[in-house]
Amino acid sequence: MTEDLKLIVIELNKLLGTEYNLITFDSLSAESLLQVLVDVFHAFDAIEKLDVREADPEDTNGQVMEALRKVQYRPAVDIEDPGAFRRGLLRGEKKLIHPILRWMLENRERVKKAAYLARFLIPLDLPPEAMSMPELGNLWAQYQQTMNDFKEAHRAHGQSVYEGTQTRELRNDISAIEAEIENVKKRIERTQARLDKVPQQELLLEAANALRIEKERQKELLQQIDEQRQAMNRAALMQERLQKELHNARMAVQGATPQNLMESLLEETQVLEFMVQQKLPQELRQRHSEVQTLQEVIDEPNIGRAELQEMQSKIDELNREIQKLVEVRMAEYSTQNDTLGPFRQQAAMVARNKEAAAELLDQTTKELHEVQQLLQDKQRKLQDTVGEVILRGEELKQFVSTLRAKSNVYKQQRAELATLKAEASDLTQTLENLKAQDPSLSGALSQMSEEENTSLGTVVSTEEDGRAESPTAQRGMTELARLVDGLQRAVVAARERVTPLSQQLRPLRERVIELKDEMESKKQVGGLGDPVLRCCDVRSTSLHLMSIWP
């Protein structure tokens with residue numbers, strides 16, 4: 001909302017020449033806000049100049065609605081009550097006027113064009129009885145024809161402006177191309193002038209042409225080599241895959257005999273025979289019975305609640321009778337000496353097991369087909385994404401091991417780099433401390449570096465002039481070697497002095513960090529606490545650091 005208001009204020013200041021800001025514009029009264037809307041409409045020639053304070057409210061509302069119709073404004077949400085919308089505009093409600101201002105200021109060219117066309121294309125509002133007069137009818141026909149002529153003229157004007165813009169763009173492009181052609185011609189002339197001064201230019205041109213041809217041929221050969229290499233990789237992968245399949249097939253048939261194969265085929269045949277002769281016909285009969293039942297339900301007329309209750313009572317009665325008959329049968333079997341009872345139970349159990357195994361086989365087969373189909377889809381997508389070269393088996397393992405090795409090397413080098421950075425930071429800090437304690441050290445180091453640079457410059461200039469072995473150069477080299485040796489000894493001595501100091505400094509730094517953490521925690525828990533004690537603690541730590549520092 002603030003961004004919209006900011007945009008409205010900026011564009012209003014540009015359009016009307018006002019000096020609003022967010023506060024002054026948002027604090028405008030309803031009458032002033034409505035006046036701003038009328039001024040914006042007037043700036044786009046959609047309404048005449050109007051003073052809201054002096055004009056009639058109904059007249060103002062009518063002109064504002066007419067201006068909205070001219071600029072073809074469409075609210076962001078559908079208006080359920082147009083009367084409420086008109087009354088809200090008349091009252092100067094911000095929630096209605098701000099979106100109108102934002103839309104008009106964002107689409108200035110579109111609003112200006114719509115307001116211009118509305119002045120000529122919105123027909124006059126004549127009463128129906130006026131059209132019955134012959135003179136007015138002729139004038140109305142002429143008015144309609146003039147309006148159509150204006151439409152055609154405006155359309156032709158827009159087309160000509162567009163074509164003129166394209167023509168200017170083409171002319172600019174042609175001018176740029178001509179300028180580029182002139183530059184190329186001048187460059188060719190300069191190149192030709194330099195080439196004329198070269199002896200045996202014909203031979204050189206032939207050699208350059210031959211070199212270009214050979215380079216193009218080399219590029220083609222390299223491309224062919226890459227294609228052949230990719231084809232070899234694909235062939236190697238295919239060979240490896242086929243070898244694995246052959247190995248798996250050999251392992252599958254290893255130790256197989258005709259008798260084993262025949263037994264497996266017989267088992268598979270028995271399973272399929274059971275599925276075809278028992279399982280599938282049973283399911284088919286079940287489906288037929290379900291379809292017949294559904295068809296009977298469809299054919300039955302609509303029944304009421306009373307008939308449903310009657311049918312439910314009959315079903316309950318039949319269930320009770322069936323239960324009684326089952327109990328009577330069980331009692332008869334219990335009283336008689338039924339020798340076939342255990343065998344019937346075993347047969348029923350075997351039948352149930354066979355049905356369960358068949359259902360499990362059917363379900364597993366369906367899941368296997370779905371998984372195979374999913375695997376094929378994934379392989380197709382992977383092939384479309386990464387191409388035909390896909391790492392498998394040993395190549396994938398080798399790639400993973402190489403990647404792990406590189407990752408380990410990267411981690412080790414990163415740790416070493418962090419250690420070196422920390423050591424460099426410590427040495428830099430130590431050098432700054434040494435310079436602060438001994439100002440002459442900084443001067444000596446700068447003098448050594450200047451002498452070293454001077455000696456190196458003398459040596460380089462001597463080598464460039466002819467590498468002459470003069471006595472002055474030998475003395476410079478000797479002096480340079482002496483300076484380097486002295487600098488190395490100074491660095492070694494500084495390191496020897498710094499090493500114990502850095503070892504003593506590390507626990508003190510840790511102690512300072514702990515004290516800072518403790519101070520922050522005490523601040524968070526109980527305010528500032530006793531600042532005197534903390535100052536004493538920190539001061540004692542500082543004194544300890546100064547006492548051990550040389």
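A crossing of two helices is left-handed if the near helix is turned anticlockwise from the far one by less than a right angle, and right-handed if clockwise. Helices here (H or I, at least four residues) and strands (E, at least two) are DSSP runs, numbered from the N terminus.

This is a predicted model: local features need pLDDT of at least 70, side-chain atom pairs count only at pLDDT 80 or more, and totals for chains, interfaces and linings use all residues. Residues are numbered from 1 along each chain as its sequence is written, and side-chain values use heavy atoms, with hydrogens and water left out.

Start with the whole protein. It has 16 helices and zero strands. Of its 550 residues, 13% count as buried (under 20% relative accessible area; exposed is over 50%, partly exposed in between; 1.4 Å probe, protein chains only). Take contacts (heavy atoms within 4.5 Å) between residues at least 6 apart in sequence: 62% of them join residues at least 24 apart.

Now look at α3 (residues 30-43) and α6 (residues 94-106). Their axes come within 11 Å and cross at roughly 25°. Axes are lines fitted to C-alpha atoms, for helices over the stretch in contact, and angles run from 0 to 180 degrees between N-to-C directions. The two helices are therefore roughly parallel (under 35 degrees; over 145 is roughly antiparallel, 65 to 115 roughly perpendicular, the rest oblique). α3 passes α6 in a left-handed crossing. On the α3 side, the meeting residues are Leu33, Leu34, Val36, Leu37, Val40 and Phe41; α6 brings Lys94, Ile97, His98, Ile100, Leu101 and Met104. By class, that contact has 10 nonpolar, one polar and one charged residues (Ala, Val, Leu, Ile, Met, Phe, Trp, Tyr, Cys and Pro are nonpolar; Asp, Glu, Lys and Arg are charged; the others, Gly among them, are polar).

The largest nonpolar core holds 34 residues, and Phe25, Leu37, Phe41, Leu89 and Ile100 have the most contacts inside it. Such a core is a set of buried Ala, Val, Leu, Ile, Met, Phe, Trp, Tyr and Cys residues joined through side-chain atoms within 4.5 Å. Beyond its neighbours within four places in sequence, Phe41 touches Ala46, Ile47, Val64, Ala67, Leu68, Val71, Ile100 and Met104.

Next, α7 (108-121) meets α8 (residues 134-196). Their axes come within 10 Å and cross at roughly 150°. That makes α7 roughly antiparallel to α8.

Finally, Glu11 sits in helix α1. Glu11 is buried, at 15% relative accessible area.
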